[in-house]
Amino acid sequence: MTLADVAARARVSAATVSRVLSGNYPVAESTRARVLRAVDELEYVVNGPASALAAATSDLVGVLVNDIADPFFGIIAGAVQSEMGSAMGAESGRHGEKLAVICNTGGSPERELNYLTLLQRQRAAAVVLTGGAVEHPDHMAAVAAKASRLASSGTRVVLCGRPPIEDAVTLTFDNRGGARRLTEHLLTLGHRRIGYVAGPAERTTTRDRLEGHRAAMSAAGLDEGTQRLTVHGLYDRSSGYDATLELLRRDQALTAIVAANDTIALGVCAALRDQGLRIPDDVSVAGFDDLPFSADAVPALTTVRLPLHEAGARAGRLALGREPQPPGGVAMVRSELMARASTAPPRATK
């Protein structure tokens, strides 16, 4: 597709299209929207710098994260970026240099799609999408279509912590298995009244971890009440705090609370202390991810370790083509239970 094709579709001059895409001239908002819609419909790719025109791709690598301030995403993104730097070694020369650009979506599906479009226009060498995906059929189909277009234009697409899609190499996280082992640990200690603080309901990570928890409860014959003792929220401390108060309102006899990640678990611990409850004497608490602060919490937090730095580094190598693709294009990143002082047998069985 050419600039003239876009102009014809948007019913404007080629000069107007050029002004919209360059962003250097004032254009009426309605005209701008019409031009950008035509660009998307025709999958028009804007010519990047001259150095990019000589090759299929540029030296740009896009790394999409939900929230760069969240240690989960910060660790992965930092590891990906470190691989971009290691590509600058003497053996690779200047041709191995890549610029990693962190794209913070804020959890917005629309912003995620917009970043993918922008990276395609910039002829990115690779795109790494991190963290759970939004479970909405339209959005999932749109992401798959964007990934296919990127791949067909020579861009490597790597998913880190997401379900597999076509035209992408995927590193999946053992969320379901890790969550099941975590709840089994609490059951082995003797807990039966276990609350669960989940993340946003529309996220794949939320679903997988909740399914693992419920599978363990079901295997122990404790299906009844599991749904009532589950509260959804965001993956942040305040959600953990509020959800804990709600769980205690629903069942004051809870002996353990499982949080969908370590940051939520901090909020759980704060709420329990404010209610005069001791950890783990009155209520045991467990998290997920094994973020750096987990071992230093008081008491040290029982959690499930995901090797986030290692996964991010591997995603970076795959994005650069410096590591062979796994069989079938999919590899599982294994999790590990980290039993620490925040969990103990319930008081009645000590």
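The side chain of Thr 206 makes a polar contact with the side chain of Tyr 235, at 2.7 Å. A polar contact here is a pair of N or O atoms within 3.5 Å; within protein, one must be able to donate a hydrogen and the other to accept it, and residues adjacent in sequence count only if both atoms are side-chain atoms. The model is predicted, so to speak of local features takes pLDDT of at least 70 and side-chain atom pairs count only at pLDDT 80 or more, while totals for chains, interfaces and linings use all residues. Residues are numbered from 1 along each chain as its sequence is written, and side-chain values use heavy atoms, with hydrogens and water left out.

Thr 206 sits in helix H9, residues 204–219. Helices (H or I, at least four residues) and strands (E, at least two) are DSSP runs, numbered from the N terminus. With 2% relative accessibility, Thr 206 counts as buried, a label for anything under 20% relative accessible area (1.4 Å probe, protein chains only). Leaving aside residues up to four places away in sequence, Thr 206 touches Ala 198, Gly 199, Pro 200, Ala 201, His 232 and Tyr 235; contact means heavy atoms within 4.5 Å.

Turning to the sheet, six strands line up in the order E2-E1-E3-E4-E5-E11, forming an open sheet with parallel pairing. Strands pair if DSSP finds at least two bridges between them. At the edges are E2 (99–104) and E11 (330–333), each pairing on one side only. Three bridges join E4 (residues 156–160) to E5 (residues 169–173), and Val 158 stands opposite Val 169 in E5.

Definitions and conventions
Buried means under 20% relative accessible area, exposed over 50%, partly exposed in between (1.4 Å probe, protein chains only).
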